[in-house]
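Please look over the sequence and the structure before reading the points below.

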2 protein chains.
Amino acid sequence: MAGTDGVVDLLGLLAYAELVAFFRLSEDAALAQSLADKAALGEMAVAEFGHFQKLREELRSLGAVPEEAMGPFVAPLDAFHARTVPANWLEGLVKAYVGDGIAADFYRAVAELLRPRQRALVMEVLADTGHAAFVIPRVRAAIEADPRLAGRLSLWARRLVGEALAQAHRVVGERPPLAQVLVSTADYERGDQGEIGRMFARLTDAHDERMAALGLADWERQVETEAAAD
Amino acid sequence: MAGTDGVVDLLGLLAYAELVAFFRLSEDAALAQSLADKAALGEMAVAEFGHFQKLREELRSLGAVPEEAMGPFVAPLDAFHARTVPANWLEGLVKAYVGDGIAADFYRAVAELLRPRQRALVMEVLADTGHAAFVIPRVRAAIEADPRLAGRLSLWARRLVGEALAQAHRVVGERPPLAQVLVSTADYERGDQGEIGRMFARLTDAHDERMAALGLADWERQVETEAAAD
């Protein structure tokens with residue numbers, strides 16, 4: 001069972017991630033062409049903010065100061081987003097679906113190791129807020145209209161995953177309590193990060209499914225190889 | 001009593017204004033320095049989105065298509081915001097408080113003429129979401145630290161009001177049903193827009209109070225003169 005420090009780390013990381021998801025979705029909403037799309041994306045943004053509030057509440061109930069719990073994760077998450085600014089609306093959609101998808105898989109995997117109450121909270125805040133249903137038909141329609149987009153968006157998705165894995169490794173490396181949540185204490189003390197590597201490898205399976213849903217190219221083998229070699 | 005078209009116009013205008021307020025506040029939240037400020041502004045943004053949802057619901061219950069009801073007001077509101085992009089965080093705070101304040105006074109004045117149910121809705125969505133309490137101490141503290149800011153921010157506020165009045169006149173001029181909500185039908189048919197002018201003049205009184213609350217310069221006479229001459 002994870003120690004309290006690790007739990008605070010995980011909830012702090014997730015809280016900041018949800019806050020940033022709120023900002024990013026609001027921005028996407030503002031850029032949407034139609035009022036209906038603006039409203040739909042705005043609703044998803046508001047749902048993410050609700051998740052942030054719940055996580056902040058849980059941090060307080062654990063005796064943590066939410067701002068302090070989030071603090072260590074501001075730089076890596078901001079770095080991820082600064083390095084993956086979408087050049088256009090479609091890249092934004094792919095980022096929201098593919099990037100948030102792999103992040104959610106990561107958090108869910110970690111949550112398996114939490115106490116039931118916190119596991120339930122993490123699963124709740126990671127429930128899809130309708131994003132997939134919004135993104136998939138729009139990206140598929142764009143690719144059908146202009147098939148050259150598939151290659152460009154596949155490359156973009158690859159970059160997103162690469163940057164996400166790089167920042168995830170950084171976070172785990174810098175936060176021993178969080179690393180302890182990820183591996184059994186015994187493994188951690190032996191310096192064995194094998195379980196983390198295996199988890200990252202598993203994440204790419206779910207990622208492949210998302211790429212297929214978007215109608216994007218089949219390049220998953222290469223990412224798995226890169227992740228395993230990392 | 002206002003005709004249905006005028007009510008739909010007013011609720012459509014207000015709905016789009018709330019949607020834009022949501023986008024702008026989310027952006028301010030993303031730019032805030034501290035996590036606590038990000039969260040506080042995010043909460044206000046989410047409250048504005050809730051107002052948007054209620055207005056959209058009311059439009060639907062009147063048999064209107066919300067996107068169509070909002071449509072005519074997209075251009076003037078977007079024009080206002082495009083012409084008043086804050087150059088920095090403090091200008092953003094002043095815009096949120098002074099700009100939204102005068103807009104809220106305008107909507108409240110119009111709502112006086114609505115049926116009780118819709119009047120109550122408008123008053124509810126215009127209730128302060130904590131913005132004043134957030135902005136006032138921050139602007140006052142900034143001016144105390146650097147008194148030269150007072151002049152610059154006063155000029156900025158003057159520009160905001162000028163642009164707001166210009167767009168409000170444009171909206172009223174282009175939307176006869178909305179103009180009918182503003183003046184009695186008889187006055188409207190005589191082409192008498194005197195009541196509208198008097199209303200705009202009254203708005204500046206509440207505006208003066210907000211300027212004083214921010215500790216900004218006493219320039220209200222000039223604005224009143226300009227508004228009356230417009």
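The points below treat the model, the fold of one chain and the contact between chains.

This is a predicted model, in which local features need pLDDT of at least 70, side-chain atom pairs count only at pLDDT 80 or more, and totals for chains, interfaces and linings use all residues. Residues are numbered from 1 along each chain as its sequence is written, while chains are lettered from A and ligands numbered from 1 in the order in which they are written.

**Fold of chain A**
- Chain A contains eleven helices and zero strands, where helices (H or I, at least four residues) and strands (E, at least two) are DSSP runs numbered from the N terminus.
- Of the 230 residues of chain A, 42% are buried, meaning that 20 or more other C-beta atoms, placed from the backbone, lie within 10 Å of the residue's own.
- Helix H4 of chain A covers residues 89–111 and spans 32 Å from its first C-alpha to its last, close to the expected 33 Å (1.5 Å times one less than its number of residues).
- H4(A) is mostly covered, with 17 of its 23 residues buried.

**Relation of the two chains**
- Chain B is superposed on chain A by a rotation of 180° with 0.0 Å of shift along its axis (RMSD 0.0 Å), by least squares on the C-alpha atoms of residues with pLDDT of at least 70 in both.
- That is the relation of a two-fold axis.

**Contact between the chains**
- The contact takes 15 residues from chain B and 15 residues from chain A, two residues being in contact if their C-beta atoms, placed from the backbone, lie within 7 Å.
- On the side of chain B that touches chain A, H2(B) gives the largest share, seven residues.
- Because 100% of the interface residues of chain B are also interface residues in chain A, the copies meet through the same surface.

Conventions: Buried ≥ 20, exposed ≤ 12 C-beta atoms within 10 Å, placed from the backbone.
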